Amino acid sequence: MDAIDTVENAVLASLAAAPTASAHDLPVTHYRLAVSGGLDSMVLLHVMAGLRAQLGRSALTCYYVNHGLHPEAPEWGTVVARAAEDLGVPFVALDAGRIDSADGGLEAAARKARYAVLATAMEEGDVLLTAHHQDDQAETVLLQLLRGAGVAGLRAMPASGRFGPGTHRRPLLALSRETLAAYAKARELVWIDDPSNSEQKHDRNYLRQSVLPLLRARWPAVAGTLAQLAATCADEQQVLDGAAVVDLAAAVADDSSLAAEAVRSLPPASARNGLRWWLRQQGFAAPPRARLEALLTDLLPARADAQPCVRWQGCEVRRYQDRLYAMAPLAPSPDGSVSLPFPSTTNASLTLPDRSVLSVERQRGRGIAEHWLRSHDVRIGWRRGGEKLVLPGRTHTSSLKKVLQARGVLPWMRERVPLVLIDGQVAGVAGVLVAGPFAAEHDAPGYTVSWQAGTPICASPARS
């Protein structure tokens, strides 16, 4: 079988293996193809264009993401657009926006930004296609191995998985780059060679150019062997995940917090497996072994009134009332001496300094009474210490500190939760309560203030 038949058959087999595009078993309505302009993605674009007659009613669109990391990136987008036009495939250019490499390096940041912008194009019934191949898989396995990853990491890249409301598939994953190059040559394709691919300061490039050639010289089938290892680890991880579900699923609350006692009751190996599973369910990378051990030996046995925290890159786990909470690293507590103007329009949103979002919605019989917002000084602020307020149904003042404790606001959120201040008085705590004197009466217009913090605010559902 020549390279053309090999590649086309592999893509057809991949698409046929997963005919639906979401957990709801929706038929595929749209294939969204990410094309960088490199050899691999140009091959996939050409193959998918040739298979349109076999895709039924499924649409096909080509996407190019400009990361802004190379001065020639706009010209590369033009090359991709021209290829798509020649093949009669609709083309869309996307901008990845600002690439923040402070956390995880440039490669990881660019990948995160690329997938984030592609996700904005996805709808239910959509399938994102990327051109990762067997050599990419081998590099990923080696990278994970050298980083000390466990079974979950050594799974490397799955052939198919959920992506937003649809799925993400890698139809070339079983094919070598050599096979794809033979296809490109046979079809006389034009592609772009990104000069940054030769910079060995990047780990993946170093493996590709210096390590894998040495391994191939001794073990010619090394890429296929490493791909088989990834597939084996994927099978084993399914078993481990199944065990974690049995051990801990009932201990996970609606807010994703985990009962510490359930973890303490497990043998150490099962506890480690369960913690890794719980963190992955929330989108966090598994911690390094030392941090995982710290969860078991420092965080879990800490005294009941302690507020222990274990951190690693991109995540921190805290404990309160014997439940574990995983979250992205919290920004420093806001300066209580600083305040912001209250949003001036109905149903408005305000992005706060820590990038959380405050939302104001006009409702009847709920929230802060509208008349307070018309002729008073209304601002958004934070705790400074010593604040008091009058709770609904009471006449005496209560300490805000004690009210937040009683309402179950998590200790690390008490300094961060925004306050609505009217003429300097606490009129409300965003997403938690409205002070009695400021509350809208039954059926009277009012404004509710909610807070999207990206992490739980209260240990139990907040009352309003």
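Guide: A residue is called buried when its relative accessible area is under 20%. The model under discussion is a predicted one.

Visitor: What makes strand β1 largely enclosed by the rest of the structure?

Guide: Strand β1 covers residues 30-34, and five of its five residues are buried, so the strand is largely enclosed by the rest of the structure.

Visitor: Which residues of β1 are buried on one side, and which on the other?

Guide: H30, R32 and A34 lie on one side, while Y31 and L33 lie on the other, and both faces are covered. In a regular strand, side chains alternate between the two faces of the sheet.

Visitor: How do you know that β1 and β2 pair?

Guide: Pairing requires at least two bridges between the strands. Five bridges join β1 to strand β2 (residues 59-66), and the two run parallel. Within this pair, Y31 stands opposite L60 in β2.

Visitor: Why are helices α1 and α2 called roughly perpendicular to each other?

Guide: The term applies to angles of 65 to 115 degrees. Helix α1 (residues 3-17) packs against helix α2 (residues 39-50) at an angle of about 75°, their axes being 10 Å apart. The two helices are therefore roughly perpendicular.

Visitor: Which residues of α1 and α2 meet?

Guide: V7, E8, V11 and L15 of α1 meet V43, L44, V47 and M48 of α2. By class, this contact has seven nonpolar residues, no polar ones and one charged residue.

Visitor: Why are α5 and α9 described as roughly perpendicular to each other?

Guide: The axes of helix α5 (residues 134-146) and helix α9 (residues 222-248) come within 8 Å and cross at roughly 65°. The range for the term is 65 to 115 degrees, and α5 and α9 are therefore roughly perpendicular to each other. The crossing of α5 past α9 is left-handed. On α5 the contact is made by Q134, Q137, A138, V141 and L142, and on α9 by A223, G224, L226, A227, L229 and A230. Eight of the residues in this contact are nonpolar, three are polar and none is charged.

Visitor: What makes β11 and β20 edge strands?

Guide: Five strands form an open antiparallel sheet in the order β11-β15-β18-β19-β20. β11 (340-341) and β20 (433-434) each pair on one side only, and they are the edge strands.

Visitor: How do you know that β18 and β19 pair?

Guide: At least two bridges are needed for pairing. Strand β18 (residues 419-422) and strand β19 (residues 425-429) pair over four bridges in the antiparallel sense, with L419 opposite V429 in β19.

Definitions and conventions:
Residues are numbered from 1 along each chain as its sequence is written. This is a predicted model: local features need pLDDT of at least 70, side-chain atom pairs count only at pLDDT 80 or more; totals for chains, interfaces and linings use all residues. Side-chain values use heavy atoms; hydrogens and water are left out. Axes are lines fitted to C-alpha atoms, for helices over the stretch in contact, and angles run from 0 to 180 degrees between N-to-C directions. Angles under 35 degrees count as roughly parallel, over 145 as roughly antiparallel, 65 to 115 as roughly perpendicular and the rest as oblique. Contact means heavy atoms within 4.5 Å. Ala, Val, Leu, Ile, Met, Phe, Trp, Tyr, Cys and Pro count as nonpolar, Asp, Glu, Lys and Arg as charged, and the others, Gly among them, as polar. A crossing is left-handed if the near helix is turned anticlockwise from the far one by less than a right angle, and right-handed if clockwise. Buried means under 20% relative accessible area, exposed over 50%, partly exposed in between (1.4 Å probe, protein chains only).
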